[in-house]
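This briefing describes one protein model from its computed geometry. Please look over the sequence and the coordinates before reading the points below.

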Amino acid sequence: MIWTSGGRHSGVRRARLLLAGAGVVAAGPPSWEWVLGELRGLRGRWGAEWWLPVAGLLIGLLGASVIPVVAGAAGVPVLRRIRLARQARDARERRVDAVIALCGALAGEVRAGRQPGEALLRAARDSDGLGEVRAAVVAAARFGGDVPGALAAAARRPGAEGLLGLAACWRVAVDQGAGLAAGLDRLDGALRAERDQRADLRAQLSGARATALMLAALPVLGLLLGAAMGADPLRVLLHTGAGLGCLAAGAVFEGAGVWWAARIVRGAEAA
C-alpha cells in the first residue's frame, strides 16, 4: 500500500536531493577558507623557515639564476633559530604566569584554613602551564618529600625562577612557623611587578623592532620599484659583475644592520 502510493518515489526523491547537494559541494572549486586552512597546516608542519627556499626558488626562476635558491637554503637555519627562540620565550612567559597563579592560589588555600601540604596539592592541581614541574612538586607534597628542594629544582627551568621564592617562603613557614600566606602575597606582588615591567619594556621596544624590520625590507621594496620602472634589477644583480658585487656588499651590510639592531634590543631587554 505504502509502496504503491508513492512512498518509494518520495524516498528516492529525497535521496537524490541530498546527494545532489553533496555532489555540488564536492564538485565545486575549493573555497578560500579551505586553501588558507591547508596553508596554515603546511606552515605548522614545516615551520615558517621552509618557505624561504620556496621564495628563493621563485626568485631564481624569475631571474634565471641559482643564487636566490642557495641564499634561501642558507637562510633556513637562521629563521629556524629565530622561531625556536620565540617559542622558548613564549614558553618562558607561560611559566611565569603559571608560577604567579600558583602563588595566588596557594595563598588563597592557606587562608581557607588548609595545611600547607594539602593547600599546595589543591593549588598545583588547578594551575596550568607548569607541566612536569607541577608533577614533581605534587609528588613531593603528597608523599612527604622535600617540597622546598623540589621547588628549587623546578625553578631551574626558564620562567619558573619565582619558585625559588616560593621554596623560601615554604621553608620559613614550615620550619619557623611564620605566616605562609603573608609571604606568598609579597612574592605574588613582586612577581607581578616584574612581569609588568617586562611587558612595559617590550611595548617600548616594539617601535625599535618595527623600525629595524622596515629598514630591512627597504631593499625588497627597491627591487620591486625598479621592476615596476622596467629596469630589470634581477638581471643586473644576478648576471653582471657590478651587480654581483653590489648584491654581496648589500647582503653583508643588511645582515650586519639587522644583527646590530637585534643586539641593541636584546641588551635593553637584559638590562
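The notes below go from the overall fold to the core, the surface and selected residues.

This is a predicted model, in which local features need pLDDT of at least 70 and side-chain atom pairs count only at pLDDT 80 or more, while totals for chains, interfaces and linings use all residues. Residues are numbered from 1 along each chain as its sequence is written, and side-chain values use heavy atoms, with hydrogens and water left out. The protein has 11 helices and zero strands, where helices (H or I, at least four residues) and strands (E, at least two) are DSSP runs numbered from the N terminus.

**Overall fold**

- Along the sequence the pattern reads α-α-α-α-α-α-α-α-α-α-α.
- Of the 271 residues, 24% count as buried; buried means under 20% relative accessible area, exposed over 50%, and partly exposed in between (1.4 Å probe, protein chains only).
- The protein exposes about 17,800 Å², of which carbon and sulfur atoms supply 66%; accessible areas come from the Shrake-Rupley method with a 1.4 Å probe, and for residues only the protein chains shown count as cover.
- Among contacts with a separation of 6 or more, 53% are between residues 24 or more positions apart; contact means heavy atoms within 4.5 Å.

**Nonpolar core**

- The largest nonpolar core holds 33 residues, and Leu106, Leu120, Leu163 and Leu166 have the most contacts inside it. Such a core is a set of buried Ala, Val, Leu, Ile, Met, Phe, Trp, Tyr and Cys residues joined through side-chain atoms within 4.5 Å.
- At least two residues of this core come from each of H4, helix H5 (116–126), helix H6 (132–142), helix H7 (147–154), helix H8 (162–176) and helix H9 (180–228).
- H4 supplies the largest share of this core, eight residues.
- In soluble globular proteins, nonpolar side chains tend to be buried together.

**Nonpolar surface patch**

- Trp51, Val54, Leu57, Leu58, Leu61, Val66, Ile67, Val69, Val70 and Leu244 make a nonpolar surface patch of about 840 Å².
- Helix H3 (51–63) and helix H4 (67–111) are the elements that give two or more residues to the patch, and H3 gives the most, with five residues.
- Patches are made of residues with over 30% relative accessible area and no salt bridge, with like charges joined within 9 Å and nonpolar side chains (Val, Leu, Ile, Met, Phe, Trp, Tyr) within 5 Å. A salt bridge is a side-chain nitrogen of Lys or Arg within 4 Å of a carboxyl oxygen of Asp or Glu.
- Isoleucine 67 is placed in helix H4 and is partly exposed, at a relative accessible area of 34%.

**Aromatic pair**

- The structure holds one aromatic pair. Tryptophan 259 and tryptophan 260 form this tilted pair, at 6.0 Å centre to centre with 50° between the planes.
- Rings of Phe, Tyr and Trp (its six-membered ring) pair if their centres lie within 6.5 Å; planes under 30 degrees apart count as stacked, over 60 as edge-to-face and the rest as tilted.
- Tryptophan 259 is partly exposed at 48% relative accessibility, and tryptophan 260 is partly exposed at 46%.

- Glutamate 93 lies in helix H4 and is buried at 16% relative accessibility. Beyond its neighbours within four places in sequence, glutamate 93 is in contact with Arg198 and Arg202.
- Arginine 198, in helix H9, is buried with a relative accessible area of 19%. Not counting residues up to four places away in sequence, arginine 198 touches Arg92, Glu93 and Val96.
- Leucine 201, also in helix H9, is partly exposed at 26% relative accessibility. Leaving aside neighbours within four places in sequence, leucine 201 is in contact with Ala268 and Glu269.
- Leucine 201 and glutamate 269 are 68 residues apart along the chain, and their C-alpha atoms are separated by 7.0 Å.
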